[in-house]
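Subject: Structure handover

Hello,

Please find the structure below, passed on for your files. My notes on it come after.

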Amino acid sequence: MSNIKTENIEGILMISVIGEVDASSSIHLDNAFKEAMESGQKKIVTNLTELDYISSAGLGVFISYLDEFSSKEVQLVLFGIKAPVRQVFDILGLGKLLKIVETKEEALQSFNE
Amino acid sequence: MSDKLKIRLSFLGGLIFWLLFAGSNVYLMLVKGYEMKVDYSDFLPQLSFTLFTLSTFIHYRYIITKADTLNFSDLLWKVFITGLVTTLLSLGIQGFFVLFEGRSAVESPLIIHFFYNILVGLIVIFAVSTFVVWKRLILYQKSKNLLQLWRFFELAFGVILIVDFFGFKPGDAYFSVGLVVLVLFSLVLVFNLKWVAYLNFKQKWKGILFILLSGIYLYHFLRILNWFSGTNILVIDMLERVFILGLFGFLFVYAIISILVTLFNLPTSSVFEQKLKEAVDFQKLSQTIPRGETNEQTYEILIESAMSAVFADAAWLEINDGEMQTVTRNLSAAEVDTIKSKIDNQVIQDIITLTFQKGANPTRLNVPLKHTTYKTIMALPIWVQDQQVGFIVLLNEVAEAFNREMVSIVTTFVNQASTSLENLVLIKESLANERYKEQLSIAKTVQKSLLPTEVFNNEALTVEALSVAADEVGGDYYDILAIDQDQYGLIIGDVSGKGTSAAFQMAQMKGVFHSLVREKLSPKVFIQKTNQALSQCLDKSAFITATYFEIDTQAQTLSFSRAGHCPGLLYSAKKKEVSLLEEEGMGLGILRNSTYDKYVVESTVPYSGGDVLLLYTDGITEAKNETGEQFGEERLKQSFLENGAQPPNLIKKAIKEALKGFMGSLTIDDDYTLLVIQLKSHVK
């Protein structure tokens, strides 16, 4: 079971993913991204500090938006990934395609660069 | 003994005993008449009469039980026909005496006794068969007490039949007591007339006629017996027997009571017929469920039964079962619109606009209508799962035609129809579910068939594989093929997602693997080309993780490229340690253009004889125990290290045990695959 929270921090959309993202709950994550794209968000940070587990379906959500992010010039930054989850991202090679930082401050800061 | 045999035997017995009775009777008469002082006892005719009566009773008991006892008209018809035949024959006898009246030859005791014996036979046949029919009628829908009472009644008849043996005469104490007993029994029993209710109007008239005729036959028989009795020369006078009198009395009383009750029931029989029809309609409505019939059939039955229940002249039904359906009876669409415009009652307005509230309890669902043809209207809402989905409107040309009773019966019909409709919805859902399960099982079969049935075990390699699919169809895939004499291509992969699409994607992967392996590509190019091929056909959010190995048994090297799959483990037999075959890489289908290619890396590691390669899917490392902890790479590595020196099948077993021990009472709900490849050193 997972819980998705979205909030707006000075024009930056923060999506927090809490708990476990499996096949059924990945739909919520997908909806959050879909809404962000529909509302024309360009800056998104994803807070994964409370994400305990992500299944391949959950990873599939990130993968499915890669093309759209780059074509619409949307910047996505992930932060706070726990080590086991980070390992999953890395084994798959997603670590090279997604911008992953340690803290929320770094994530918010990265848009100013 | 079969019933057929019993019927035949009892018939034969009846015939023999009657002949015996007639013969001995005539003999007795002769002995008496000529005052020959021989055996004067009338023991033989009495005994044979008793046995004849019993045989006849047994005979009809079996014949009439065999008939469909529920068909009362047929039962009464049997009485009528038996009575007709016996009466006609007895009339013939009577005619004979009337014709030759006054001639001494005819009035000789011999002739009188001859015909009297025939007459007694006919009377016993008619009376006993009628008795059995009355029995069937009285015992229709019997209670335990009634059955008990009837048995006593039959027993009393039996006892009296035997006691009659001793030739008591009217005026004897026994004679009166026996008659009183039989009369009392009869009076209690004759009021069991439940069968009358089940006759329809026409059948009731027929019944009255048949029973009336039976009564006339009985009367006729009594008269003719009386005539014979009047000759005063009979050896045995049947009218002096309690059995015969009691039997006649019982048959008579039941006939009279039946006629009266049937007569009084005539006016109400239409009501009973109506109720019966309602019950049948009700049953029809509920039977549409198991028969798996369509909604349309339920609407048809509902409108038909509702109309006939309230004698409506016209009706229509509108219901939304995905689309708006309208069923009309004796109405055109234009008329329906006209009637709708004439409705000025708010409740009915609400019902036909589907805005009626379920909680609302309308006191009057039938109201007057200002219409040229129809004067009364009744409307009822139809609910499915607490939603008003439709309504039924019933019309009558007479003002105030519907009453409270009718509203309640239609309400029952509508409720039953609603249940049927709800059940149809449920049946459809469960069918869809069933179909989905079937697809899954097909997909599972497909998936299983995609995995190799045989793996290598030769002088260069020994491969042990374990692949278990979860409840749902998973997407674990592995395969190993010989490229040439010394080289083997080995792939392990995991398709994201589950179900039929995963099985389908696995099939595609197998196709790609088998075609590319033949091209003897390096692992790096192999992965790049695989990505290219799969990018065309994978779903947007689907991806596949895989590792491709090229095992060169001559050079004793492992070349591999990892496409996002869990890194393999290599056990060194010499050093007794496990190393991770970790290399950069990216899952197939994540990038679907040439930019993918730069993320693919190839490495080559040497091996020596006895080294073991362990490959797996994330179902193993992500298996969770009761506390939610994952089995993880470390535990796998440890177990592998401890058992690496063993033969491959034991390594597989040991890891499986370790995993099982970790899981405790839980089972893995993901699919998982374990491949153990023992690499051997061999020199050609």
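This is a predicted model: local features need pLDDT of at least 70, side-chain atom pairs count only at pLDDT 80 or more; totals for chains, interfaces and linings use all residues.

Residues are numbered from 1 along each chain as its sequence is written, chains are lettered from A and ligands numbered from 1 in the order in which they are written, and side-chain values use heavy atoms, with hydrogens and water left out.

Cores

A nonpolar core here is a set of buried Ala, Val, Leu, Ile, Met, Phe, Trp, Tyr and Cys residues joined through side-chain atoms within 4.5 Å. Buried means under 20% relative accessible area, exposed over 50% and partly exposed in between, with a 1.4 Å probe and protein chains only. The largest nonpolar core has 80 residues, and A:F33, A:F89 and B:L613 touch the most other members. A second, separate core of 79 residues includes B:F21 and B:M238.

Around β14 of chain B

Helices (H or I, at least four residues) and strands (E, at least two) are DSSP runs, numbered from the N terminus. Two strands count as paired if DSSP finds at least two bridges between them. Strand β14(B) spans residues 612-616, and five of its five residues are buried. B:L613 and B:L615 point one way from the strand, and B:V612, B:L614 and B:Y616 the other way. β14(B) pairs in the antiparallel sense with β11(B) (residues 568-572) over three bridges, where B:V612 is the bridge partner of B:Y571. With β15(B) (residues 672-679) the pairing is also antiparallel, over five bridges, and B:L613 stands opposite B:I677.

The five-stranded sheet

Chain B also has an open sheet in the order β2-β1-β5-β4-β3, with antiparallel pairing. β2 (324-329) and β3 (366-368) of chain B are at the edges with a single partner strand each, so one side of each has no neighbour in the sheet. The twist averages 15 degrees from one strand to the next. Six bridges join β1(B) (residues 314-320) to β5(B) (residues 387-396), and B:A315 has B:L394 as its bridge partner.

Two helices lie across this sheet. Helix α10(B) (residues 295-310) runs at about 35 degrees to β2(B), and helix α13(B) (residues 404-450) at about 30 degrees to β4(B). Axes are lines fitted to C-alpha atoms, for helices over the stretch in contact (heavy atoms within 4.5 Å), and angles run from 0 to 180 degrees between N-to-C directions.

Regards
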